[in-house]
Amino acid sequence: MNWDWDAVRDFMPLFLDGLAVTLQALALGSLISFTLGLVWALLMRTPTRWVRWPVGIVTEFVRDTPLLVQLFFLFYVLPEWGLTLSAMATGVVAIGLHYSTYTMQVYRAGIEAVPAGQWEAATALNLPRARTWRAVILPQAVRRVVPALGNYVIAMLKDTPMLMAITVLEMLGRARLFSQQHFQFTEPLTVIGVAFVVISSLASLLLRTLERRLVR
Amino acid sequence: MTTGLWELVLRGVWTTVQLLVLSALLGAVVAFVAGVARTHRRWPVRFLAGFYTEVFRGTSALVMIFWVFFVLPPAFGWQLVPLWAGTLALGLTYGAYGAEIVRGALLAVDPAQNEGGIALGFTPGQRTRKILLPQAVPEMIPPFSNLLVELLKGTALVSVMGMGDLAFSGNLVRLALQESAEIYTYVLLIYFVMAFALTRLMRGLEGRLKAGVR
């Protein structure tokens, strides 16, 4: 096995571009999954089962099927339906949608963990329902769930390479591009492998600090 | 869709099932070895197992698959059959997640059980095998069930390497038909049914194991 540092150096510009794309997809995907997950979690609490059942079935379906196939589905089917998004937008939507079915469970647990006394107090104070959610329940619930949401951000990071399959040039896509041009596979693939380990370790360190400050 | 195309899909299902079973077996072995090693009394063993889990949990499964397909052959001078390469990458990656489950379940066993074993003169190995694991294993089943569904979803990644699994045959059918909504809906449904069957299977297993303990 011969390791070529020149290849590492040549790969660096591509690597940094890929890193930027990866982080961008991660940030947008996280935003979508956080919002959509909250929407699913709230819909699952509506009194009528005509809302709860469809939402439950659809989210279960999305959660239990491969993100890769969902990416293909959105990438090839949406244009057939007349909606043409860029590859990056499709990827971000797919990742956000996929992970929203995980974050909804996090939110649900967070909402259920708010003590019943808080609900009763809100009723006793005659707070309107929307105000109860906005001012009493959600601030307490969201605080509790931040660490768990962070874990899903890390999981999402490790799923971003799949975007390569729909032509987004994130880290793995750039590594493959470089390999095909220079016939050097070892260096770029190892560089991005190490990059993933480093980024996710740093992220989990950061998360643990955040957890100590938020959850007391 | 013609019968020929359905045959293609079925062949893909078969490859996915093979890959799932093989990598689940490898993953389970790795998970138990690394998970038990992380509770070992000697620190070098703990450190090595911890290093393995951190590295493999830290990288992306798809990057690992690329690595096994493209970096291992030139580095060691041999190349694996795609099925085994996929098994190796998936088994090692998901095994690392499984190791955390095993470790957590072992640590969750009441410490008095271990102390009872010490008082009765069991060796450390006997304590792990005869006291800790029998109590910890039933508790591992629900998280393992989730992990197995994750692994099933992970098997789709090998299609990127051109391995003819279910996702790959879905792509072939799309190319043949020039139409994607139908085939991808079928493919997603098949994955969903497989995931459903897996969770049912694991729930049954959990019931039997728990009946044995209490």
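**Close-ups of a predicted two-chain model**

**View 1. The annotated domain of chain B.** UniProt, in an unreviewed entry, lists "domain: ABC transmembrane type-1" for residues 13-202 of chain B. UniProt positions follow the numbering used here, feature names are shortened, and annotations may be inferred rather than shown by experiment. This is a predicted model, in which local features need pLDDT of at least 70 and side-chain atom pairs count only at pLDDT 80 or more, while totals for chains, interfaces and linings use all residues. Residues are numbered from 1 along each chain as its sequence is written, chains are lettered from A and ligands numbered from 1 in the order in which they are written, and side-chain values use heavy atoms, with hydrogens and water left out. Over residues 13-202, chain B is 84% helix and 0% strand, and the end C-alpha atoms sit 20 Å apart. Helices (H or I, at least four residues) and strands (E, at least two) are DSSP runs, numbered from the N terminus. Chain B as a whole has 8 helices and 0 strands, and its C-alpha atoms fill a box of roughly 70 × 45 × 20 Å along the principal axes.

View 2. The unreviewed UniProt entry puts "transmembrane region" at residues 12-37, 49-70, 76-97 and 183-201 of chain B. Take residues 76-97 of chain B: that span is 77% helix and 0% strand, with its end C-alpha atoms 26 Å apart. Residues 183-201 of chain B come out at 100% helix and 0% strand, with 27 Å between the end C-alpha atoms.

View 3. Chain A has 8 helices and 0 strands, and its C-alpha trace spans about 70 × 45 × 25 Å along the principal axes. For this chain, UniProt (unreviewed entry) lists "domain: ABC transmembrane type-1" at residues 19-207. That stretch of chain A is 81% helix and 0% strand, and its end C-alpha atoms are 20 Å apart. The "transmembrane region" label (unreviewed entry) is listed by UniProt for residues 20-43, 81-99 and 189-207 of chain A. Residues 81-99 of chain A are 68% helix and 0% strand, with end C-alpha atoms 24 Å apart. For residues 189-207 of chain A, the figures are 100% helix, 0% strand and 27 Å from end to end between C-alpha atoms.

**View 4. Where chain A meets chain B.** Here 34 residues of chain A touch 36 residues of chain B, contact meaning heavy atoms within 4.5 Å. The two chains bury about 3,000 Å² between them, 75% of it on carbon and sulfur atoms. On the chain A side, A:Phe61, A:Asp64 and A:Lys158 lose the most area to chain B, together 18% of what that side buries. Buried area is the accessible area (1.4 Å probe) that two parts lose on being put together, summed over both. Looking for salt bridges between chain A and chain B? The count is 0.

View 5. The side chains of A:Asp6 and A:Arg9 pair up in a salt bridge, 3.3 Å from N to O. The rule is a side-chain nitrogen of Lys or Arg within 4 Å of a carboxyl oxygen of Asp or Glu. Both A:Asp6 and A:Arg9 belong to helix 1 (residues 5-43) of chain A, 3 residues apart, or about one turn of the helix. Over all chains, the count comes to 9 salt bridges.

**View 6. The second largest pocket, in chain B helices.** This pocket holds about 550 Å³ of space. Of its 25 lining residues, B:Ala24, B:Leu25, B:Ala28, B:Leu148 and B:Met202 are the closest to its centre. Helix 1 (3-37), helix 4 (82-108), helix 6 (124-155) and helix 8 (181-213) of chain B each give two or more residues to the lining. Helix 1 of chain B supplies the largest share, 10 residues. By class, the lining has 21 nonpolar, 4 polar and no charged residues. Ala, Val, Leu, Ile, Met, Phe, Trp, Tyr, Cys and Pro count as nonpolar, Asp, Glu, Lys and Arg as charged, and the others, Gly among them, as polar. On a 1 Å grid over the protein atoms alone, a pocket is an open set of points with protein on both sides within 12 Å along at least five of seven lines, a cavity is a set where a 1.4 Å probe fits but cannot get out, and lining residues have an atom within 4 Å of a point. Grid points are joined across faces, edges and corners, and a volume is the space filled by probe spheres set on the points.

View 7. The whole structure has 1 cavity of 30 Å³ or more. Its lining is made of A:Leu172, A:Ala175, A:Arg176, A:Ser179, A:Phe185, A:Leu189, B:Phe66 and B:Phe70. Helix 7 (171-182) of chain A and helix 3 (61-76) of chain B each give two or more of these residues.
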